[in-house]
Every structure is written in C-alpha cells, then in structure tokens.
Amino acid sequence: MKLATYKDGSRDGQLVVVSRDLATAHYANGIATRLQQVLDDWNFLSPQLQDLTTTLNHGKARHAFPFDPAMCMAPLPRAYQWADGSAYLNHVELVRKARGAEMPESFLGDPLVYQGGSDDFLGPCDDARFASADWGIDFEAEVAVITGDVEMGVSPAQALEGVRLLMLVNDWTLRNLVPAELAKGFGFFQSKPATAFSPVAVTPDELGDAWQAGRVHLTLQSTWNGRKVGLVETGPEMNFHFGQLIAHVAKTRNLRAGAIVGSGTVSNKDASRGYSCIAEKRALEMIDQGEARTAFMQYGDTIRIEMKGRDGHSLFGAIEQTVVELA
C-alpha cells in the first residue's frame with residue numbers, strides 16, 4: 001500500500017491512502033488519522049488500510065479524490081528519530097579522495113551514521129529556505145525506511161523484519177558549513193537543515209522483486225534545473241543494506257516505531273550514471289581537473305528526485321523543490 005499525509009493546518013496532518021498509480025487518494029480517518037498511530041499499532045491497523053487500498057485500486061472507494069502531491073507533508077511529518085547512514089562507500093571514497101584523505105579501513109565494516117533533526121521535516125513540494133546562498137546549498141538524493149519497534153542488539157536479518165515503509169529523501173546539506181562543524185569533532189548540526197521526503201511512503205511489497213535482501217534495485221533520478229544529472233542504481237553498490245544500517249543504529253539502543261533510517265547519498269562507480277549530490281560532482285572535478293568547477297545551488301534553483309518502477313511509473317511520487325531566500 002501507499003500512504004501519504006495531507007496538510008490540514010496541524011503539525012501531523014491527515015493520513016490518506018493513495019492508489020498504486022498515484023492518481024487517487026482517500027482519507028483514512030475511519031481507521032487512523034495519523035501515520036504514527038498506524039506505526040504504533042501496525043498489526044491491527046495496517047490490514048484495515050490494506051483493505052481500503054484494495055478498494056481504492058479497484059476504483060470502488062466512494063469518497064476518493066484526485067491525489068495532489070503539493071498537498072503533502074512528509075509522510076511522517078515529525079519522527080521520534082531520523083538517523084541517516086552512508087551506505088554507498090563510493091560516495092565517501094570520492095569526497096575523501098578529493099581532499100587528499102584515505103578511506104579508513106574501519107569504514108569498510110562499520111557503517112557511518114549521523115543523527116539528524118526529526119522534529120521538522122519538509123514536504124515533497126515545499127520550498128527549501130536558506131538565509132545565505134554562500135553556505136554551499138546541496139541536495140542529496142537517497143532512499144529511507146520507516147521502522148516498527150526494533151529491539152537493541154538485533155541481527156541485520158532481524159532488523160529487516162522491522163521495515164514497515166520506504167520513502168525517497170532529499171537530505172539537504174550546507175557544504176560550506178560542514179568543515180568547521182566537523183573540525184570540532186562532534187558531527188553535523190547547522191550544516192544539516194530540514195530534510196524533505198517523497199509524497200508517499202510505500203510498503204516493501206509495492207516494489208515487488210526490486211526489494212531484495214534489504215536493498216532497492218531500481219534507478220534513482222535527480223533533475224537539477226530541468227537537466228537530468230543523476231540516473232544512479234540504488235541496489236548493487238549499496239555496501240550496507242538496510243538491515244545492517246538498522247542493526248548498527250540499534251546496537252546500543254532500542255528503536256521505536258516511527259524511526260527513520262536513511263541510506264545516505266546514492267552513488268555509483270560508473271561516473272556516466274551521474275550524481276546524487278553536487279559535492280560528488282565537485283569531487284570528481286577535483287580529482288580529474290584539479291579544481292571544482294560546478295557551483296552549488298543558488299536561489300531559484302529547482303531539484304526533482306524520483307524513482308520509477310520497472311513498469312515505468314513513479315513509485316513514490318517526486319520530490320520537487322525550489323531553493324528560496326529566507327525572508
């Protein structure tokens with residue numbers, strides 16, 4: 001099934017069920033009003049939502065209406081936890097190589113994860129507002145999962161059983177603020193503003209055989225100012241699958257229903273497939289040409305992030321955002 005949250009003036013919005021083709025939707029308020037309610041009582045409420053989904057997909061839902069991504073908040077508008085990994089080591093290696101740093105051996109066996117702000121997410125069509133274009137505004141196209149309860153100390157296989165939904169991510173990064181923050185030895189904070197998510201979150205079964213062993217085997221598209229800059233494959237080069245990422249986050253703590261775990265920037269060794277963030281393009285320019293030539297985003301720039309299934313149809317809907325100046 002596919003779930004979204006419509007704006008209604010409240011912090012948590014209204015839960016809606018969305019048809020498989022993203023054409024129609026139906027309010028779920030006869031079952032649950034918010035996605036967090038469903039995650040808290042998944043075994044009881046999700047079958048009811050599945051029944052509504054089936055009715056909607058068959059065109060028999062009495063109060064269906066056209067689905068509008070512009071009405072969407074993030075599927076989970078605020079979460080108990082947002083932990084983003086860096087599962088594509090090609091991205092890490094390129095960025096480090098561009099500044100003359102080697103890849104530490106520990107990176108190969110232990111995932112990188114940072115904890116982002118989870119109290120304020122952006123909807124898929126919300127403007128991205130920044131006070132300065134000099135901060136190095138960059139998009140990051142990723143995949144993420146929303147979990148149910150995951151107990152501390154689980155194995156990666158057990159952790160995969162906790163995956164409830166998948167989404168796309170635009171994990172905005174302010175690159176020029178990163179060096180000073182990391183130099184303090186305490187990680188990202190101001191360089192990681194509010195994250196945006198796709199219009200809908202989908203259950204793994206919606207992906208069919210593209211969901212294999214904790215990886216999504218499809219193409220993630222990034223279009224910057226109308227020009228397609230990334231057609232990257234999300235499956236084969238994901239060094240740590242979602243079960244490993246979740247287990248890593250749960251090594252010393254329980255994860256509660258509604259935790260979001262991200263893949264990190266999707267990256268392929270084949271540079272002809274493009275890039276999922278500008279920092280990677282700049283890293284390749286540094287390595288090949290000795291200097292970065294591609295500028296970061298400016299006010300008025302747009303970014304579109306989307307993933308299509310093997311039938312050519314959009315799976316999650318598109319993240320479509322414009323960079324604007326903070327008033």
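Ring pairs link Tyr6, Tyr27, Phe65 and Phe67 into a cluster; rings of Phe, Tyr and Trp (its six-membered ring) pair if their centres lie within 6.5 Å, and planes under 30 degrees apart count as stacked, over 60 as edge-to-face and the rest as tilted. This is a predicted model, in which local features need pLDDT of at least 70 and side-chain atom pairs count only at pLDDT 80 or more, while totals for chains, interfaces and linings use all residues. Residues are numbered from 1 along each chain as its sequence is written, and side-chain values use heavy atoms, with hydrogens and water left out.

**The aromatic cluster**

- By this ring rule, the count of aromatic pairs comes to ten.
- One of them is Tyr6 with Phe65, a tilted pair with 5.7 Å centre to centre and 55° between the planes.
- Tyr6 lies in strand E1 and Phe65 in strand E4 (residues 65-66), so this pair ties together parts that are 59 residues apart in sequence; helices (H or I, at least four residues) and strands (E, at least two) are DSSP runs, numbered from the N terminus.
- Phe65 also pairs with Tyr27: the ring centres are 5.1 Å apart and the planes stand at 40°, so this pair is tilted.
- Tyr27 lies in strand E3, so its pairing with Phe65 in E4 ties together parts that are 38 residues apart in sequence.
- How exposed are these residues? Tyr6 is buried, and Phe65 is buried with a relative accessible area of 18%, whereas Tyr27 counts as partly exposed at 33%. Here buried means under 20% relative accessible area, exposed over 50%, and partly exposed in between (1.4 Å probe, protein chains only).

- Strand E1 (residues 2-6) pairs with E2 in the antiparallel sense over five bridges; two strands pair if DSSP finds at least two bridges between them.
- Within that pairing, Leu3 has Val17 in E2 as its bridge partner.
- E2 also pairs with strand E3 (residues 24-27), again antiparallel, over three bridges, and Val18 has Ala25 in E3 as its bridge partner.
- E2 and E3 form a hairpin with five residues between them, and Leu22 in the turn has a positive phi of about 65°.
- Four of the five residues of E2 (residues 14-18) are buried, so this strand is largely enclosed by the rest of the structure.

**Helix H2**

- The 16 residues of H2 (residues 42-57) should span 22 Å at 1.5 Å a residue, and the end C-alpha atoms are 21 Å apart, which agrees; the expected span is 1.5 Å times one less than the number of residues.
- Trp42, Leu45, Ser46, Leu49, Leu52, Thr53 and Leu56 are the buried residues of H2.
- These residues cover an arc of only 120° around the axis, which puts them on the same side of H2; the arc is that of the directions from the helix axis to the C-beta atoms.
- On the other side of H2, Asn43, Phe44 and Asp51 are exposed.
- The buried residues of H2 pack against E1, E2, E3, helix H1 (35-40) and strand E10 (163-170), where contact means heavy atoms within 4.5 Å.
- Gly59 follows H2 and has a positive phi, near 75°.

**Helix H7**

- The buried residues of H7 are Ile278, Ala279, Glu280, Ala283 and Glu285, and they pack against helix H3 (89-98), strand E8 (137-138) and strand E16 (219-224).
- Gly290 follows H7, with a positive phi near 85°.

**Strand E20 and its partners**

- Strand E7 (residues 128-130) runs parallel to strand E20 (residues 319-325), joined by three bridges, and Arg129 has Val324 in E20 as its bridge partner.
- Strand E19 (residues 302-307) pairs with E20 in the antiparallel sense over four bridges, with Ile305 opposite Ile319 in E20.

**Ser191 in its loop**

- Where is Ser191? It sits in the loop between helix H5 (178-183) and strand E12 (196-197), and Ser191 is buried with a relative accessible area of 0%.
- Leaving aside neighbours within four places in sequence, Ser191 is in contact with Trp172, Thr173, Leu174, Leu177, Val178 and Glu181.
- Ser191 and Glu181 are ten residues apart in sequence and 7.7 Å apart in space, C-alpha to C-alpha.
- Their side chains are joined by a polar contact of 2.5 Å; a polar contact is a pair of N or O atoms within 3.5 Å, and within protein one must be able to donate a hydrogen and the other to accept it, while residues adjacent in sequence count only if both atoms are side-chain atoms.
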